Amino acid sequence: MEKYLRVGVISNTHGVRGEVKVYPTTDDIKRFDYLKEAVIDTGKEYINVNVTSVKYFKNMVILKFEQFHNMDMVIPYKGMDLLVTRENAIPLGEGEHFIVDLVGCKIITDEGEDFGELVDVLQTGANGVYVVKTKDGIEVLLPVIDECVLKKDIENKVIKVHIMKGLLD
């Protein structure tokens with residue numbers, strides 16, 4: 001399992017005092033209200049930062065980090081992921097999983113057939129949707145409902161599904 005979870009992407013600077021605009025990639029944007037520590041993934045290293053203030057503007061979050069005092073200090077981090085450790089992640093409810101833990105799971109049918117691999121999870125209004133790449137290389141969308149997703153064994157990276165009539169048509 002991944003040690004870090006992405007909560008946003010630093011999209012730009014904000015003002016001259018070292019604040020950054022962050023595009024949130026989390027389901028709960030208000031989670032930033034409680035964010036005290038984060039990590040910037042530069043692609044080469046992880047930089048620990050302490051959040052000192054949080055503001056919201058349109059669909060963005062404006063963050064101020066203790067380590068940065070002016071705009072020039074944050075410019076190099078534009079476009080980089082903002083991460084949190086699992087310990088700083090929002091607690092999940094029963095039966096909930098982080099998408100990063102689901103991606104890569106082997107999908108097997110209730111008949112024991114190796115169906116494919118989960119490559120993404122789409123969020124819709126009613127329910128999630130698993131994007132599965134079959135062994136033939138075709139992408140299939142499976143609704144995350146009890147009638148379709150029968151068992152999730154995240155530790156072993158296996159999800160058992162029932163292919164409902166009409167899903168493959």
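This is a working chat about a predicted protein model.

Colleague: What am I looking at, and how are residues numbered?

Modeller: This is a predicted model, where local features need pLDDT of at least 70, side-chain atom pairs count only at pLDDT 80 or more, and totals for chains, interfaces and linings use all residues. Residues are numbered from 1 along each chain as its sequence is written, and side-chain values use heavy atoms, with hydrogens and water left out.

Colleague: Which secondary structure does the protein have?

Modeller: Two helices and 12 strands. Helices (H or I, at least four residues) and strands (E, at least two) are DSSP runs, numbered from the N terminus. In sequence order the pattern is β-β-β-β-β-α-β-α-β-β-β-β-β-β.

Colleague: What does the C-alpha trace span?

Modeller: About 60 × 30 × 30 Å along the principal axes.

Colleague: How many of the residues count as buried?

Modeller: Of the 169 residues, 35%. Buried means under 20% relative accessible area, exposed over 50%, and partly exposed in between, with a 1.4 Å probe and protein chains only.

Colleague: And the accessible surface?

Modeller: About 10,300 Å², with 49% of that belonging to carbon and sulfur atoms. Areas come from the Shrake-Rupley method with a 1.4 Å probe; for residues, only the protein chains shown count as cover.

Colleague: What share of the contacts links residues 24 or more positions apart?

Modeller: Such pairs make up 48% of the contacts with a separation of 6 or more. Contact means heavy atoms within 4.5 Å.

Colleague: Switching to charges. How many are there?

Modeller: 21 positive and 28 negative, and their mean positions are 7 Å apart. Lys and Arg count as positive, Asp and Glu as negative; His and the chain ends are not counted. Each charge is placed at NZ of Lys, CZ of Arg, CG of Asp or CD of Glu.

Colleague: What about pockets? How much space lies in the largest one?

Modeller: About 950 Å³. A pocket is an open set of points on a 1 Å grid over the protein atoms alone, where a 1.4 Å probe fits, with protein on both sides within 12 Å along at least five of seven lines; lining residues have an atom within 4 Å of a point. Grid points are joined across faces, edges and corners, and the volume is the space filled by probe spheres set on the points.

Colleague: Which residues lie nearest its centre?

Modeller: Asp27, His97, Phe98, Ile99 and Val100, out of 32 lining residues.

Colleague: Which elements supply the lining?

Modeller: Strand E1 (4-14), strand E6 (81-85), helix H2 (99-102), strand E8 (114-123) and strand E9 (128-134) each give at least two residues. E1 has the largest share, with four.

Colleague: Helix H2 again. Is leucine 102 buried or exposed?

Modeller: Buried, because its relative accessible area is 5%. Leucine 102 is in H2. Beyond four places in sequence, its contacts include His97, Leu118, Tyr130 and Lys157. Leucine 102 and lysine 157 are 55 residues apart along the chain, with C-alpha atoms separated by 7.3 Å.

Colleague: Where is lysine 157?

Modeller: In the loop between strand E11 (149-153) and strand E12 (158-161). Lysine 157 is partly exposed, at 30% relative accessibility. Its phi is positive, near 60°.

Colleague: What about phenylalanine 57, buried or partly exposed?

Modeller: Partly exposed, at 44%. Phenylalanine 57 lies in E4. Its C-alpha is 8.8 Å from that of lysine 21, 36 residues away along the chain.

Colleague: And methionine 60?

Modeller: Methionine 60 is in strand E5 (residues 60-65). At 13% relative accessibility, methionine 60 counts as buried. Leaving out residues up to four places away, it touches Ser11, Lys21, Val22, Tyr23, Pro24 and Lys55. Valine 161 is 37 Å from methionine 60, C-alpha to C-alpha.

Colleague: What does touch valine 161?

Modeller: Threonine 109 is in contact with Val161, and also with Phe115, Lys160 and Ile163, neighbours within four places aside. Threonine 109 is in strand E7 (residues 106-109). It is buried, at 4%.
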